[in-house]
Amino acid sequence: MEKDTCSPTGGRTEQLAAKYLFLRETLLKNYQKGKALYRAAKLTTAAVFIAYTLIAAAVARHTGRPMGQLVTWIILLFLIVFLFVAADYARWLLEDKMIPWLKDDGAPAYDGYDLFKEDEDDETEEQEDDEE
């Protein structure tokens with residue numbers, strides 16, 4: 001049976017370090033792949049939406065009933081914008097908070113990101129506005 005304590009002389013510490021390095025490299029590699037796929041998905045979605053716009057305009061002109069196509073176009077536009085804004089925010093959180101921590105071996109503890117914590121810059125700007 002293996003001990004649960006980590007001794008500085010080897011054994012479990014080396015195993016944990018190797019596991020951490022493997023996980024870190026895997027996460028960074030998958031993040032880069034995901035970033036490229038996300039960029040391709042954004043471009044593909046834009047191209048499909050432009051093609052849909054052209055087809056919908058042609059159908060509306062041919063049938064003389066543009067409202068159905070317009071309503072569908074607006075719904076798709078809002079849906080696509082919502083999805084990509086949420087995905088961009090998640091990508092920004094990863095890129096700004098998690099990836100630098102993974103790359104920095106000198107930072108053993110993750111400070112994390114509190115979604116409900118206001119930025120200090122925003123607080124100082126509000127205080128300055130209140131003083132004026």
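What follows is a set of questions about terms, each answered by setting a value against a definition.

Visitor: What kind of model is this, and how are its residues numbered?
Guide: The model is predicted, so local features need pLDDT of at least 70 and side-chain atom pairs count only at pLDDT 80 or more, while totals for chains, interfaces and linings use all residues. Residues are numbered from 1 along each chain as its sequence is written, and side-chain values use heavy atoms, with hydrogens and water left out.

Visitor: What is the confidence of the prediction for the protein chain?
Guide: pLDDT is the predictor's confidence in each residue, from 0 to 100. The protein chain averages 82, and 73% of the residues score at least 70. Where pLDDT is low, the predicted coordinates should not be read in detail.

Visitor: How many helices and strands are there in the protein chain?
Guide: Helices are DSSP runs of H or I with at least four residues, strands are runs of E with at least two, and both are numbered from the N terminus. The protein chain has three helices and zero strands. Along the sequence the pattern reads α-α-α.

Visitor: How do you know that the span of helix α1 agrees with its number of residues?
Guide: The expected span is 1.5 Å times one less than the number of residues. Helix α1 (residues 12-63) has 52 residues and should therefore span 76 Å; its end C-alpha atoms are 72 Å apart, which agrees. After α1 comes glycine 64, whose phi is positive, near 80°.

Visitor: Why is arginine 24 called buried?
Guide: Buried means under 20% relative accessible area, exposed over 50%, and partly exposed in between (1.4 Å probe, protein chains only). Arginine 24 has a relative accessible area of 12%, so it is buried. This residue is found in helix α1.

Visitor: Which residues of α1 are buried, and what do they pack against?
Guide: Arg24, Leu28, Tyr31, Tyr38, Phe49, Ala56 and Ala60 are buried in α1. They pack against α2. In the protein chain, buried residues make up 9% of the 132 residues.

Visitor: What does arginine 24 touch?
Guide: A contact means heavy atoms within 4.5 Å. Leaving out residues up to four places away in sequence, arginine 24 touches Leu102, Lys103 and Asp105.

Visitor: What makes arginine 24 and glutamate 25 a salt bridge?
Guide: A salt bridge is a side-chain nitrogen of Lys or Arg within 4 Å of a carboxyl oxygen of Asp or Glu. The closest N and O atoms of arginine 24 and glutamate 25 are 3.4 Å apart, which means that the pair is within the 4 Å limit. Glutamate 25 has a relative accessible area of 44% and is therefore partly exposed. By this rule the count comes to five salt bridges.

Visitor: Which parts of the chain are linked by the pair of lysine 35 and glutamate 95?
Guide: The side chains of lysine 35 and glutamate 95 meet in a salt bridge at 3.5 Å, N to O. The pair links distant parts of the chain, with lysine 35 in helix α1 and glutamate 95 in helix α2, 60 residues apart.

Visitor: What forms a salt bridge with aspartate 88?
Guide: Lysine 42 does, with the closest N and O atoms 3.6 Å apart. Aspartate 88 in helix α2 and lysine 42 in helix α1 are 46 residues apart, so this pair also links distant parts of the chain. At 34% relative accessibility, lysine 42 counts as partly exposed. Salt bridges that share partners join Lys35, Lys42, Asp88, Arg91 and Glu95 into one network.

Visitor: Why does isoleucine 75 count as exposed?
Guide: Its relative accessibility is 53%, so isoleucine 75 counts as exposed. Isoleucine 75 lies in helix α2 (residues 66-103).

Visitor: Which residues make the nonpolar surface patch?
Guide: Met67, Leu70, Val71, Ile74, Ile75 and Phe78 make a patch of about 590 Å². Patches are made of residues with over 30% relative accessible area and no salt bridge; like charges are joined within 9 Å, and nonpolar side chains (Val, Leu, Ile, Met, Phe, Trp, Tyr) within 5 Å. Accessible areas come from the Shrake-Rupley method with a 1.4 Å probe, and for residues only the protein chains shown count as cover.
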